[in-house]
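Subject: Structure for your review

Dear colleague,

Please find below the structure I promised to hand over.

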Amino acid sequence: MNHKTTREQIVVTADELFYQHGFEHTSFADIASALNISRGNFYHHFKAKDDILAAVIEQRLARTGELLAAWETTSSSPADRIRSFVTMLIANREPIMRFGCPVGTLCAELAKLNHVAQTNANELFTLFRNWLGRQFSLLGHGAEADDLAMHVLMRSQGIATLAQAFRDEVFLRREVEDLNQWLNSRLQASHPHECTKHAAEE
């Protein structure tokens, strides 16, 4: 592997192991072993685990930004974009039921550790918050757009946490549907055609 590829593979593998086992319980040796590379090769790219964590967070922010941009491109409807966020729980249900939400679990762990990277990790939630708020603003909820965005984030995190605790896919699907129904109720007054369109597609 060349220098760039090795570094990228370290970040990708570290991201997976941080998610599955937690940042604190993942060592340099674990990452090097998973990649089958020498410790010397590993240290050539990263001198400390915090450096890897910073790279993992940077990668997650970039991927999240790409995902949100893709939703913007594929749908002209702000309501459908919000639904894409909500139904992401179903699309990722298997890892969520095993390991929880990758954003929520990382932020919670770093908060417990009082880690210096906690603020950077929280930017992932801020990215979702601002994006959801913008969609609600486009739907005419300017004054309460941020509150609605936070409600969606709160509900999605609660669903992910309990789906992991109980390994209950039925619960996850039911709560996602309930969250979609809540969204429809918010749209009913200001954008009834959005609800009609969504109901027709179902």
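The notes below describe what was found, helix by helix. Please bear in mind that this is a predicted model.

I begin with a pair of helices. Helix H5 (residues 78–91) and helix H9 (residues 145–166) have axes that come within 11 Å and cross at roughly 5°. Because angles under 35 degrees count as roughly parallel, H5 is roughly parallel to H9. On the H5 side, the contact is made by Phe85, Val86 and Leu89; H9 contributes Val152, Leu153, Ser156, Ile159 and Ala160. Sorted by class, the residues of this contact are seven nonpolar and one polar, with no charged residues.

The next element is helix H7, which covers residues 102–113 and has twelve residues. From its first C-alpha to its last, H7 reaches 17 Å, close to the 16 Å expected at 1.5 Å a residue. Which residues of H7 are buried? They are Val103, Gly104, Leu106, Cys107, Glu109 and Leu110. The cover over these buried residues includes helix H4 (49–74), helix H8 (118–138) and H9. Just after H7, Asn114 takes a positive phi of about 55°.

Finally, please look at Gln181, which is found in helix H10 (residues 169–190). Gln181 has a relative accessible area of 38%, so it is partly exposed. Between Gln181 and Ala34 there is a separation of 147 residues in sequence and, C-alpha to C-alpha, of 43 Å in space.

Yours sincerely,

A colleague

Notes
Residues numbered from 1 in each chain as written. Predicted model: local features only at pLDDT ≥ 70, side-chain atom pairs only at ≥ 80, totals over all residues. Heavy atoms only, no water. Axes fitted to C-alpha atoms, helices over the stretch in contact; angles between N-to-C directions. Helix = DSSP H or I, 4+ residues; strand = E, 2+ residues; numbered from the N terminus. Parallel < 35°, antiparallel > 145°, perpendicular 65-115°, else oblique. Contact = heavy atoms within 4.5 Å. Nonpolar A, V, L, I, M, F, W, Y, C, P; charged D, E, K, R; others polar. Expected span 1.5 Å × (residues − 1). Buried < 20%, exposed > 50% of the residue type's maximum accessible area, 1.4 Å probe, protein only.
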